[in-house]
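User: I have a model open and want to learn how to read it. Please take me through confidence first, then single residues.

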Amino acid sequence: MNNYLRKYRERRYFMRIVLSINILLVFFVLASLLTALWYAQRISLDSQREANAKVLSQINYNITYMNETVKTYAVSLFYENETAHLLYSGEVDRFEDTSRVNRLNKTIAYNSFLHSVVIYNSKRDVYFTGGDSAIDAPNSDLLRRIEGYLNGDDPMYKMELMPVRFQPDVRRPERTQDVFSLFLYDSLADYVKTESALILNVKPEWLLEKLELMNGRPADRANQLFILDQNMNFYSPNAETKLDLEALKGEVRRHYDAEGSDAAQFTFESGGEKYIVNYMSNPSVRWLIVDVEPYAVVLAAVDKLRIVFLTIAAVCLALAIVASLFVTNKLYSPINGLLKQTKRFPGSESEPSEEKDEIGYISQMYNRLIETFLQEQVKQGGDEAILRSYYVRKLITDSAAFSEEDRQECLDHGYLRTSLNRELVLGVIKLDDYAKLKERTKGVDVSLLHFAVANIIHEVVSAELDVDVVDMRGDHLVLLLEAEDPGEDRYERISQLLRRAQSVVDEYYHVTFTVAFSEPTLDFRKLTDRYERALDTLAYRMVFGLRTVITPSMIKANQDNPETNIPPELERKFIEAVKSNRQESVYQELEQLRRVIGGMSIDAVVQSSMHLGIILKQTVKEINQNKLAPLSIDLRSVDRLVFEKETLDDIFAGFRGLLDAIFVDRKRGSESKDHVIVDTIKEIIQANYSNPNLGLQELSDRMKMSSAYVGRIFKRQETISVSDYINEIRLLKSVMLLENHTLPVNEISEKVGFSSPSYFFKLFKKRFGTTPKDYRIKKSLGIHTE
């Protein structure tokens with residue numbers, strides 16, 4: 001014992017408890033801390049995104065409002081007589097020109113948002129200007145910038161505000177100003193210098209002051225706001241920034257193209273610092289409003305919260321360690337007491353222990369004591385158990401040779417618990433999925449399971465009835481009991497007891513069993529005959545399923561059923577349903593077959609199940625003979641179903657699985673064919689939409705198929721009819737011609753395949769909500785049309 005005490009003086013199990021408790025505490029504290037920090041970070045980011053979205057929405061509204069105001073004013077100014085004279089007059093009249101420019105200046109003065117107006121007369125190649133003096137000052141390059149757009153040096157967008165940065169004095173290039181310019185001209189196509197144009201330059205102060213206000217917020221809100229225009233140029237009133245604008249521009253564009261949403265948020269790194277970027281698009285001018293804020297500023301509060309959490313966690317862990325030591329000492333005191341008791345066990349000091357901790361040592365000494373006790377018990381009870389098992393098996397397998405002397409000897413020595421003087425009921429017990437169970441355990445533990453199951457059944461049933469349970473040294477047990485209840489009541493009582501035993505066995509060993517009973521008998525010499533009948537009854541487990549208690553009354557209808565084969569009419573309906581691919585009918589017939597076969601005698605059940613498998617195999621072979629691509633079904637699996645499954649439900653579930661595979665295989669082949677047909681129809685329509693006679697009948701004639709079949713396949717795949725699809729393609733082609741060509745509307749109608757212009761107008765207005773002519777005008781003015 002001294003060696004043992006020296007070996008365990010470190011109290012290894014004690015330390016294991018302490019470490020386990022503290023590791024769990026550390027895990028839960030860290031998990032809670034990380035979860036709280038992550039949640040706080042998400043809340044901060046979401047709150048900041050909402051705040052930035054409100055600011056961007058306000059700026060976006062201002063831009064949209066200004067754009068619509070300027071467009072409306074530009075259109076009205078463009079069509080005024082004074083402006084039209086300056087735009088298109090080819091005669092030089094300095095007095096009239098000066099008068100009209102003066103009146104233009106007065107108009108500009110009434111509109112506070114205007115910076116200046118430029119009118120380019122292409123016939124005289126001259127510019128008329130009005131408004132701010134910067135437009136025509138000798139040292140200003142604003143007019144040259146506008147002339148550059150007209151010359152095609154820079155991309156120009158009709159009826160869209162464009163940011164233009166210019167130098168009011170080229171001698172001081174470090175000083176720049178911004179205006180928003182809008183270009184208006186007659187042509188629907190791209191601008192050429194031979195065409196007159198009206199240019200409105202708008203003061204940006206209202207917008208830039210808003211940006212300055214946002215960029216000039218307090219230090220704890222270090223946002224920077226930018227405008228990314230149509231030409232991918234950044235504009236901001238605050239020129240000083242540490243950001244890599246080119247990299248930022250690329251990231252904004254990449255996210256906008258990838259996500260396709262009008263507003264989004266992402267993170268961006270520049271100069272070793274992380275930023276949160278929010279952007280919002282304005283479709284009216286095709287600008288992106290971009291807000292950039294340092295990541296650290298947004299999460300400053302979270303960083304402070306992290307320090308508080310870490311402090312609290314450290315304090316909690318320190319207190320937890322102290323508490324765990326106290327609790328562990330209390331928990332360990334019983335183990336310490338057991339260790340002191342082990343010195344009283346024989347051999348506790350003579351042999352050194354190889355266990356790693358105190359619990360292992362205690363378990364070792366306990367197992368040694370139990371083993372010694374069992375050895376003594378076996379010596380005393382082994383011969384008696386062998387004799388008891390022998391006499392019960394002899395009574396069951398050869399009851400005719402079981403004499404009265406044998407019965408009396410069994411009663412005298414207690415080998416039988418039943419008296420054999422009252423009515424006897426014999427049952428056969430078999431573990432479910434016995435073959436799989438034996439293979440899984442390699443046969444080693446099956447005999448132990450039989451022993452355990454027999455003991456549990458005896459313990460449960462003997463509480464109310466006299467019972468003997470014996471292992472027949474095969475794959476089953478036999479239950480022999482005396483029941484005083486008359487008729488079917490005895491089976492009901494026995495069944496309740498056995499179901500209770502089934503629950504106990506399942507709970508402890510995760511194994512189930514089935515029981516089959518024979519008719520009762522008053523003569524113990526007929527028990528061998530009842531044993532044979534019970535084995536026959538057990539075969540009906542195939543019909544009633546596993547974990548059942550089968551009584552003679554349950555199988556009486558099956559035994560009296562004269563049917564031995566599947567009815568020919570039912571067999572014919574099943575085969576026809578499979579061949580015609582009627583899935584619902586197949587399952588209905590299969591269920592009917594299950595009911596018919598389940599009502600037969602056991603020999604007929606086995607024979608009919610095998611016959612149904614043969615029918616299914618033959619039907620698949622016949623289907624494959626008429627198909628270019630045969631069904632990929634393993635027919636050998638049909639045979640395995642009948643021979644390997646223990647119950648009729650499992651067999652029919654296997655049949656249903658095979659039928660599911662057949663239907664999926666046939667459906668896949670059918671859908672692939674339909675897709676090829678529909679794709680071909682679309683290709684023909686794309687190539688021949690301009691043919692007025694193109695329709696369902698012509699498509700069917702080209703594909704050498706019936707029009708009803710072609711129309712049904714196309715409608716099922718595309719959810720619209722062939723004629724509707726043809727009209728949709730023609731309308732989309734007409735839109736392309738209206739937007740990119742100056743052809744008359746009637747000619748466009750004819751080019752896309754409409755024989756009747758009025759029918760074309762009707763379909764166009766129904767599809768786009770406007771007439772073709774109005775659609776072209778709205779597109780030329782840049783008005784969005786659905």
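Analyst: Start with pLDDT, the predictor's confidence in each residue, from 0 to 100. Helices (H or I, at least four residues) and strands (E, at least two) are DSSP runs, numbered from the N terminus. This is a predicted model: local features need pLDDT of at least 70, side-chain atom pairs count only at pLDDT 80 or more, and totals for chains, interfaces and linings use all residues. Residues are numbered from 1 along each chain as its sequence is written, and side-chain values use heavy atoms, with hydrogens and water left out.

User: Where is confidence lowest and where highest in the protein chain?

Analyst: Helix 1 (residues 2–7) is lowest, at a mean of 46. Strand 14 (residues 513–517) is highest, at 93. The chain's mean pLDDT is 80, and 82% of its residues reach 70 or more.

User: Over which residues does pLDDT stay under 50?

Analyst: Residues 4–10 are one such stretch. Where pLDDT is low, the predicted coordinates should not be read in detail.

User: Is Thr 537 buried or exposed?

Analyst: Buried means under 20% relative accessible area, exposed over 50%, partly exposed in between (1.4 Å probe, protein chains only). Thr 537 counts as buried because its relative accessibility is 6%. It lies in helix 15 (residues 527–538).

User: Which residues is Thr 537 in contact with, leaving aside neighbours within four places in sequence?

Analyst: Contact means heavy atoms within 4.5 Å. Thr 537 touches Ala 516, Phe 517, Ile 550 and Ile 555 in this sense.

User: Why does Arg 144 count as partly exposed?

Analyst: Because its relative accessibility is 47%. Arg 144 lies in helix 5 (residues 142–150). Beyond four places in sequence, Arg 144 is in contact with Pro 138 and Val 170.
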